[in-house]
Structures are given as C-alpha cells and as structure tokens.
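Please look at the structure below and follow the paragraphs with it in view.

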Amino acid sequence: MKEMPHTPTCFVCGEAKLNKRTLGLKLFWDEVTKQVVIPFVPDESWCGYEDMVHGGILAAIIDDAMARATKMESQDFYVTAKMELLFRKPVLLGKSYRACGKVTTQKGRKVFTEAEILDEDDLPCVSATGLFVLVSQPKEETKADTV
C-alpha cells in the first residue's frame with residue numbers, strides 16, 4: 001500500500017500544528033483492491049459513551065475513506081452529497097480498526113461509493129454508502145491545501 005497525500009488542516013488526516021483537533025490519521029491507497037485504507041486505534045478523546053467511539057467521528061473517518069477513493073479514481077473535485085451509515089457493533093477505545101472505502105459506480109457528475117470500518121478480526125463494525133457530486137472550483141484553489 002502507498003501512503004496518500006493529506007490535507008494539513010483536515011479533521012481526519014491533518015497536522016496537529018495546523019489543526020489541534022485533528023485525528024492525524026494516515027491514509028493509504030491499495031492498488032490491488034482499488035480502495036483507500038485508514039488504520040486507526042481510538043484513544044479516550046474519541047469516546048462518546050462507556051469506552052465506545054462517538055458515531056460522528058466514525059462517520060468522519062468513513063466519509064474521508066470514500067472521498068479519497070473518488071480522488072484516486074478521478075482528479076476532479078467531489079463533495080459528499082449523501083451518506084448512509086449502518087452501525088453494526090461498537091468501535092471500542094484502544095483496539096485496532098481500519099476503514100476501507102472504494103468507488104462502486106460513476107454516472108456523469110455522480111460517484112457512488114462504499115466503505116466499512118473493520119475490526120481486528122475483519123468483522124464489519126460500520127458499513128456505509130455514499131454519493132459524491134462533482135463541483136466546479138477555480139484552478140488556483142484545486143491544489144491549495146493538498147500536500
């Protein structure tokens with residue numbers, strides 16, 4: 001797997017010196033499976049209730065996995081239009097997980113995606129589908145905050 005570039009101010013993959021609230025996760029591209037992989041071990045700051053990771057944080061990680069997959073499939077800029085999540089089992093403090101996101105279909109300006117968060121035994125904890133839509137952007141902004 002190849003480490004992917006990150007956005008310095010991103011909540012999921014940013015740099016602590018530019019975003020003190022970033023999770024600081026590393027993103028990887030698996031050329032064989034054509035998916036983004038984001039390994040992580042949640043710490044106590046991620047908890048919502050009783051050592052379980054807050055669903056909003058899991059949604060952000062899933063969203064990043066799917067968004068980055070769209071970027072790997074096309075150099076155009078897409079934004080999340082719709083995301084549906086199914087929380088299957090708790091994601092717990094201090095255990096190893098990985099989010100995996102991929103593009104399933106592209107139709108014109110729309111890209112359809114899927115993602116999962118898997119536990120150490122490759123069992124799904126969270127499953128998601130997403131719809132991303134192509135947006136127009138001035139050329140000077142396209143690369144502005146991508147390292």
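Cys10 is buried, with a relative accessible area of 16%, a value under the 20% that sets the limit for a buried residue. Cys13 is buried as well, and its relative accessible area is 3%. These values, like the others here, come from a predicted model.

How far is the sulfur of Cys10 from the closest cysteine sulfur? The closest one belongs to Cys13 and lies 3.7 Å away, which is too far for a bond. A disulfide is a covalent bond between the sulfur atoms of two cysteines. To be counted as one, the two sulfur atoms must be within 2.5 Å, so Cys13 is in no disulfide, its nearest cysteine sulfur being that of Cys10. By this rule the chain has zero disulfides.

Now take the chain as a whole. It has nine strands and two helices. Starting at the N terminus, the order is β-β-β-β-β-α-β-β-β-β-α. The radius of gyration is 15 Å, close to the 15 Å that the globule rule gives for 147 residues, so the chain is as compact as a globular protein of that length. Along its principal axes, the C-alpha trace spans about 45 × 35 × 25 Å.

Of the 147 residues, 37% count as buried. Among contacts between residues at least 6 apart in sequence, 59% join residues at least 24 apart.

The last topic is the surface and the charges. The accessible surface of the chain comes to about 8,700 Å², and 52% of it belongs to carbon and sulfur atoms. The chain has 19 positive and 22 negative charges, and their mean positions are 6 Å apart.

Notes:
Residues numbered from 1 in each chain as written. Predicted model: local features only at pLDDT ≥ 70, side-chain atom pairs only at ≥ 80, totals over all residues. Heavy atoms only, no water. Helix = DSSP H or I, 4+ residues; strand = E, 2+ residues; numbered from the N terminus. Rg over C-alpha atoms; globule rule 2.2 N^0.38 Å. Buried < 20%, exposed > 50% of the residue type's maximum accessible area, 1.4 Å probe, protein only. Contact = heavy atoms within 4.5 Å. Areas by Shrake-Rupley, 256 points an atom, 1.4 Å probe, with all protein chains shown as cover. Lys, Arg positive; Asp, Glu negative; His and termini not counted. Charge placed at Lys NZ, Arg CZ, Asp CG, Glu CD.
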